[in-house]
Amino acid sequence: RDMQTRVLYSFADLIELRDGTTGEHVKRTSAIVSHMVTYMIQNKIYTDIISLSDLHYVILAAPLHDIGKIKIPDSILNKPGRLNAEEFEIIKQHSAEGDKIIQNTLKTIEDPLYIEIAHQMTRYHHEKWDGTGYPDHLAGSEIPLSARVMAIADVFDALSSERPYKKPYTKDQVFSEISHSSGTQFDPDMVVIVQALRPELEKIYWAETQA
């Protein structure tokens with residue numbers, strides 16, 4: 001498992017060679033997912049519909065969620081500003097492209113359950129609870145649980161981090177935005193978990209400002 005984890009994180013490093021923000025983004029979001037899954041296990045949240053093995057694979061698959069960005073042109077990945085409508089449509093393809101990469105490269109060497117969870121997290125982490133996400137416009141519990149975890153971790157990191165087109169939000173702004181999106185962008189249960197984990201998440205993102 002240790003070797004498996006190192007191999008998966010090397011995928012994140014490969015992405016970072018093309019996109020300076022994605023590699024660290026993958027590592028931070030994986031840390032959030034790990035905290036969320038640990039909380040779910042400890043508090044027996046959704047463990048009636050997902051096994052402990054499944055939850056382990058959710059942690060292990062998290063580093064792959066943005067692997068599809070390998071297929072996106074550098075001019076879009078590294079654009080120093082907001083994407084226009086056409087560019088946004090192109091970058092949206094990374095979720096489906098990442099799913100293809102997983103299905104084509106890992107299915108002969110990985111556990112089928114792991115492949116299924118990696119597929120779910122990669123393809124569906126931009127779906128929204130109200131059905132307005134992409135690529136398949138799933139809504140509510142149609143969105144796999146693993147992807148609902150990944151979705152909120154993904155946005156949490158995006159809000160908390162600097163981008164070419166924006167400064168990082170303050171911690172109060174981040175948690176306020178996450179709460180505001182409960183029931184629209186995010187599964188309300190996932191929002192409750194993130195709010196419960198606020199002390200742990202603050203240590204990841206704002207430890208230096210608290211020192």
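The protein chain exposes about 10,400 Å², of which carbon and sulfur atoms supply 53%; accessible areas come from the Shrake-Rupley method with a 1.4 Å probe, and for residues only the protein chains shown count as cover. The model is predicted, so that local features need pLDDT of at least 70 and side-chain atom pairs count only at pLDDT 80 or more, while totals for chains, interfaces and linings use all residues. Residues are numbered from 1 along each chain as its sequence is written, and side-chain values use heavy atoms, with hydrogens and water left out.

Of the 211 residues of the chain, 47% count as buried (buried is under 20% relative accessible area, exposed over 50%, partly exposed in between, with a 1.4 Å probe and protein chains only). The chain has 11 helices and zero strands, where helices (H or I, at least four residues) and strands (E, at least two) are DSSP runs numbered from the N terminus. Among contacts (heavy atoms within 4.5 Å) between residues at least 6 apart in sequence, 65% join residues at least 24 apart.

The largest nonpolar core holds 41 residues, and Met 36, Tyr 114, Phe 156 and Ile 178 touch the most other members. Such a core is a set of buried Ala, Val, Leu, Ile, Met, Phe, Trp, Tyr and Cys residues joined through side-chain atoms within 4.5 Å. At least two residues of this core come from each of H2, helix H3 (52-61), helix H7 (112-124), H8, helix H9 (171-180), helix H10 (188-196) and helix H11 (198-210). H8 supplies the largest share, eight residues. Apart from neighbours within four places in sequence, Met 36 is in contact with Val 149, Ile 152, Met 190, Ile 193, Val 194 and Leu 197. In soluble globular proteins, nonpolar side chains tend to be buried together.

Grid points are joined across faces, edges and corners, and a volume is the space filled by probe spheres set on the points. The largest pocket contains about 1,100 Å³ of space. Its lining has 35 residues, with Phe 88, His 126, Ala 158, Arg 163 and Tyr 165 nearest the centre. Two or more lining residues come from each of helix H2 (22-42), helix H4 (74-77), helix H5 (85-91) and helix H8 (145-160), and H8 gives the most, five. By class, 14 residues of this lining are nonpolar, 10 polar and 11 charged (Ala, Val, Leu, Ile, Met, Phe, Trp, Tyr, Cys and Pro count as nonpolar, Asp, Glu, Lys and Arg as charged, and the others, Gly among them, as polar).

Two cavities of 30 Å³ or more were counted. The largest cavity contains about 60 Å³, and its lining residues include Tyr 124, Trp 129, Arg 148 and Met 190. H8 gives the most to this lining, three residues.

Backbone geometry was also examined. The peptide bond from Tyr 134 to Pro 135 is cis, with omega near 10°, and Pro 135 is in the loop between H7 and H8. Lys 44 has a positive phi of about 55°, and Tyr 46 one of about 65°. Lys 44 is exposed, at 67% relative accessible area, whereas Tyr 46 is buried, at 18%.

How values were computed:
On a 1 Å grid over the protein atoms alone, a cavity is a set of points where a 1.4 Å probe fits but cannot get out, and a pocket is an open set with protein on both sides within 12 Å along at least five of seven lines; lining residues have an atom within 4 Å of a point.
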